[in-house]
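Good morning, and thank you for coming. I would ask you to look at the structure on the screen while I go through a few of its features.

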Amino acid sequence: MKTLETSNGASGSNEGKNRFDEELNNCRKYDMILRIMGLIFTLVAAIVAGSNKDTESVAISLVDGLPPLHLTLTAKWSYMSSTVYFVAVNAIACAYAAISMAFISLTGGNCKGSILVVGLDLAMVALLFSANGASASIGLIALNGNSHTQWHKVCYAFKRYCIQGGAALVLSMFGSFFFICIVFLFTYNLHRTTLN
């Protein structure tokens, strides 16, 4: 009878271990899905922002009473340092997502590697949010202007440029969301493992 109890206890602990391993594998699957989504959204955001260029003919009036001058002006992503930063950060986050997926696959998600990866995940979240904030602030000035500094609106003339920049910003925000979900998933998984 004692032998029967011991074997039942061992099988119960094996079932618990198998259930825990299954949950850990599910977390790894979710982690990979979130990384793939982060990679896709940051890649598309970098491409959309990096290919943003618009050329328009703008009428400028120098003196009242004289006909306006028609100038051909170009708005390009590389003309604004905040947009250059935005493209660079999204490209870095995209490359990091690909490298981290390869690293996790090779190491099997061991503890030391996971801590390094989650630290870099947090760095990507910080970089993405700083780039999004910089791009959004310049976008608002382009959309509304600033009467205190005499910066005029430019989105009335470069509509396609502003729409494409806004689309890149939204895509990057989704990428940021997926990276922060990765950090939350790691925290949740760490909390569960310490309870077991």
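L71 is found in strand β2; strands here are DSSP runs of E of at least two residues, helices are runs of H or I of at least four, and both are numbered from the N terminus. With a relative accessible area of 38%, L71 is partly exposed, a class lying between buried, under 20%, and exposed, over 50%, with a 1.4 Å probe and protein chains only.

This is a predicted model, in which local features need pLDDT of at least 70, side-chain atom pairs count only at pLDDT 80 or more, and totals for chains, interfaces and linings use all residues. Residues are numbered from 1 along each chain as its sequence is written, and side-chain values use heavy atoms, leaving out hydrogens and water.

Next, the transmembrane annotation. The unreviewed UniProt entry places the feature "transmembrane region" at residues 32-51, 83-104, 116-143 and 163-188; such annotations may be inferred rather than shown by experiment. Residues 83-104 are 100% helix and 0% strand, with end C-alpha atoms 31 Å apart. Residues 163-188 are also 100% helix and 0% strand, and there the end C-alpha atoms lie 37 Å apart.

Finally, the aromatic rings. Rings of Phe, Tyr and Trp (its six-membered ring) pair if their centres lie within 6.5 Å; planes under 30 degrees apart count as stacked, over 60 as edge-to-face and the rest as tilted. By this rule there are four aromatic pairs. The ring centres of F41 and F174 are 5.6 Å apart and their planes stand at 40°, so this pair is tilted. Because F41 lies in helix α1 (residues 2-50) and F174 in helix α4 (residues 159-195), the pair ties together parts 133 residues apart in sequence.
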